[in-house]
Amino acid sequence: MKKIFIILMLTLSFSAMALFGLGEDKKDASKEKTAEECEIPTFAKVIGHEDKWLLHNGCPPRENTKKVEKHTSE
């Protein structure tokens with residue numbers, strides 16, 4: 001009886017994943033985000049993780065960071 005129950009639960013869980021698309025890759029990865037979607041929240045600024053937040057949320061990197069790094073390396 002336990003084996004039947006386990007098989008049933010596994011079958012239903014895989015069906016639910018297929019139905020709701022939980023196992024799919026991101027379809028619109030190439031879609032550009034708006035400036036409003038890529039606005040860095042205050043908590044990320046406070047802890048100094050602005051670049052990590054942008055990377056995690058699929059936003060383009062900040063341009064001024066690259067300019068600052070060039071000036072400090074010279």
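**Exposed and buried residues in a predicted model**

Guide: Phe14 lies in helix α1, residues 2-20; a helix here is a DSSP run (H or I) of at least four residues, numbered from the N terminus. This is a predicted model, in which local features need pLDDT of at least 70, side-chain atom pairs count only at pLDDT 80 or more, and totals for chains, interfaces and linings use all residues. Residues are numbered from 1 along each chain as its sequence is written, and side-chain values use heavy atoms, with hydrogens and water left out.

Visitor: Why does Phe14 count as exposed?

Guide: Exposed means over 50% relative accessible area, buried under 20% and partly exposed in between, with a 1.4 Å probe and protein chains only. Phe14 has 57% relative accessibility, so Phe14 counts as exposed.

Visitor: What makes Cys38 and Cys59 a disulfide?

Guide: A disulfide is a pair of cysteine sulfur atoms within 2.5 Å. The sulfur atoms of Cys38 and Cys59 are 2.2 Å apart, and the two form a disulfide. The pair links distant parts of the chain, 21 residues apart: Cys38 is in the loop between α1 and α2 (42-46), and Cys59 in the loop between α3 (50-56) and α4 (63-73).

Visitor: Why is the disulfide of Cys38 and Cys59 called left-handed?

Guide: The torsion about the S-S bond is about -95°, so the disulfide is left-handed.

Visitor: Is Cys38 buried or exposed, and is Cys59 buried or exposed?

Guide: Cys38 has a relative accessible area of 15%, and is therefore buried. Cys59, at 8%, is therefore buried.

Conventions:
Helix = DSSP H or I, 4+ residues; strand = E, 2+ residues; numbered from the N terminus.
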